[in-house]
Amino acid sequence: MEATVLDSWVLAEFSTPDALVTATRQMREKGFEGMDTYSPYPLHGGSEALGLPPSRVPFIALCGGLTGVATALAMQTWMNTIDYPLNIGGRPLLSLPAWVPITFELGVLFAAFGIFFGLLGLSRLPQPYHPVFESEEFRTASTHGYWLSVPQATGTDAAPVMDQLKALGATQVTLVTGEKE
Amino acid sequence: MAETASNTYQDPLEPRHLVAPHHDDASLNETLLDHVWRKPGKGWFMLFGLSLSALGLLVIGVTYTLARGIGVWGNNQPVGWAFDIINFVWWVGIGHAGTLISAILLLFQQKWRTSINRFAEAMTLFAVMCAGLFPLLHTGRPWFAFWLFPYPSTLGAWPQFRSPLVWDVFAISTYLTVSALFWFVGLIPDLAALRDSSKTKLQRTIYGLFALGWRGSGRHWHNYKIAYLLLAGLSTPLVVSVHTIVSFDFAVSLLPGWHATIFPPYFVAGAVFSGFAMVITLIIPARKYLGLRDVITDRHLENMNKVILATGLLVSYGYLMEHFVAWYSQNQYELWTFYVNRATGPYAGVYWLMIACNVITPNIFWFKKCRTNIAIMWVASIAVNIGMWCERFIIIVTSLSQDFLPSSWGIYTPTWVDWSIYIGTLGLFGTLFLLFLKFVPAVAISEVKELQLELKHAAHQHGSDDALAGAGTLTHGAH
């Protein structure tokens, strides 16, 4: 049996989204890192409270879109102008205006793929297992619960962190330990 | 003016509700997921049975067509395009309202879209599937349909990229793919909610599989928000491009009645017109069955009726311009097509039905009484769908049946195979839609919760005082 690496998190539930955002900000100001919030919908000010850098999804989308445009132009030009030239009523073999619709469509298609797979890749999804799911109460995070997770070195005393979270208004705190992702 | 402004921008809690005010996150969750956990009622099974029998017609029609060839359809020279293209354009058009609601209204920050976007996106997806079936079958040998795509083959030939029919292939397949991605991305948080409210292990496993392990992480939402917005931004020009390209199938030809520069905008307006009508047709029974009156309120219906009125006027303008340009050109073929053939020819009945449904019917929505009466709007929405089907029939069949040379004129009549494939796609659509209503949240739960929080914040800032809220309405109404 191979050894499993364990990962621990302190989970704290807050009663409102605003309380969660405030608590996150204060915990970060205290120097905690690698925290994460969990909520059924995006929190207003949540990204700022976690101190996240701007998302890289738009850049990936742009790359996807440009790849699509370049692919479409190259494909049509090579296929209809070079490899299999077709004389349609004497029109120029390289008729760029006629290339426009497919160029646009492929640009959109590749950009959409970039967004979708970029989102999954940056979020490391699909990932059916995560230590936070060890707590059954945590299931409310997708319906009506607002949770904060603070990483905790496995085997160390989590009480001080839990106390701080309670002081910030957490309604319940637990420690979860599971396999490292 | 005050009414319009308050309806779309202003504090949506006043005077009528977008979300019934007694809800919090937990109760919204319960209400919106209830229909998934509940055993479907008798009505659902009846409709499902009806849809399945119509789907049976599709199976019969398609099997017969494949066995005997497309000669069993009514179209032949000179009317080479008929039910196959009419229904293709009709279904694609219906699909467009879904994208419009979910994408364009999102970009314009129209808060009322939130309760209906999931529903409309599902409609898009299923409508485009039905649409795709027709050109596929019309190829005659659908098992060679991959010839439409550029792939290195032993035939040594490539597609002809100057042809709008090839553009269509790319437009429709891109549209289907992007709509599916958009729909699924929107669905992920709700699938996680389903997973976490599951009562049995099987449900939890299945919904968990589709939820991809979504845990509502702030780091994920950070990317998710921008990804969703970008997909909306992409879908907006995409939807316009798709129906533009569909209209190119006609507009780039030289046939009188097809060869018109107004076609792209006129087709897009018609698509939105019929699509919104279809949303109304479906949402009225669905919200009753699903018990969703708290989130799909009368205000949503009224707003959609306004869109139907606006796009209906655009479509009427399109008809007017077609007739004007025919007269202004003094081209004898154009004059014949618009003033003699369509209005008095063999298909005049269809033409006047189209005028009645598309030009006259939407005007009842000038009146608030009609915009807010469920029975009236439901009947009107069906009339619009019929009218838009007639429009495609008129455009395609009249122009082909009487073109330049009277010796090559001919009459088209659909066969039973045409009808059963058409009714069959209605069955396919109904079946998919009913399955969607049963297994997936019909309303974007996470978005409704977010909206609800926003509304509460807004109400808080404006002050709960009635006088204050009233003053707010007035100031907003002023500009």
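**Figure 1. The contact between chain A and chain B.** The contact draws 53 residues from chain A and 50 residues from chain B, two residues being in contact if their C-beta atoms, placed from the backbone, lie within 7 Å. On the side of chain A that touches chain B, β2 (36-38), α2 (46-50), α3 (57-83) and α4 (96-123) of chain A each supply at least two residues. Helices (H or I, at least four residues) and strands (E, at least two) are DSSP runs, numbered from the N terminus. The largest share of this side, 16 residues, belongs to α4(A). Sorted by class, the side of chain A that touches chain B holds 35 nonpolar, 14 polar and 4 charged residues; Ala, Val, Leu, Ile, Met, Phe, Trp, Tyr, Cys and Pro count as nonpolar, Asp, Glu, Lys and Arg as charged, and the others, Gly among them, as polar. The model is predicted: local features need pLDDT of at least 70, side-chain atom pairs count only at pLDDT 80 or more, and totals for chains, interfaces and linings use all residues. Residues are numbered from 1 along each chain as its sequence is written, while chains are lettered from A and ligands numbered from 1 in the order in which they are written.

**Figure 2. Helix α3 of chain A and its buried residues.** With 27 residues, α3(A) reaches 36 Å from its first C-alpha to its last, close to the 39 Å expected at 1.5 Å a residue; the expected span is 1.5 Å times one less than the number of residues. Its buried residues are Val57(A), Ile60(A), Ala61(A), Gly64(A), Gly65(A), Gly68(A), Ala72(A), Gln76(A) and Asn80(A). A residue is buried if 20 or more other C-beta atoms lie within 10 Å of its own, exposed if 12 or fewer, and partly exposed in between. These buried residues pack against α4 of chain A together with α8 (218-251) of chain B.

**Figure 3. The kink at Thr77(A).** Helix α3(A) has a kink of about 25° centred on Thr77(A), the bend being the angle between axes fitted to the seven residues ending there and the seven starting there. Thr77(A) counts as partly exposed because it has 17 C-beta neighbours inside 10 Å. Apart from neighbours within four places in sequence, Thr77(A) is in contact with Ile82(A) and Leu94(A). Between the C-alpha atoms of Thr77(A) and Phe59(A), 18 residues apart along the chain, the separation is 27 Å.

**Figure 4. Packing of α2 and α6 in chain B.** Helix α2 (residues 25-37) and helix α6 (residues 164-197) of chain B pack at an angle of about 80°, with their axes 11 Å apart. Axes are lines fitted to C-alpha atoms, for helices over the stretch in contact, and angles run from 0 to 180 degrees between N-to-C directions. α2(B) is therefore roughly perpendicular to α6(B), a term covering angles of 65 to 115 degrees. Asn29(B), Leu33(B) and Val36(B) of α2(B) meet Ala193(B), Leu194(B) and Ser197(B) of α6(B). This contact has 4 nonpolar, 2 polar and no charged residues.

Figure 5. In the loop between α4 and β3 (146-152) of chain A lies Pro126(A), joined to Leu125(A) by a cis peptide bond with omega about -5°. Arg124(A) is found in the loop between α4 and β3 of chain A; its phi is near 55°, a positive value in a residue other than glycine. In chain B, the peptide bond from Gln77(B) to Pro78(B) is cis, with omega near 0°.

Terms used
Parallel < 35°, antiparallel > 145°, perpendicular 65-115°, else oblique.
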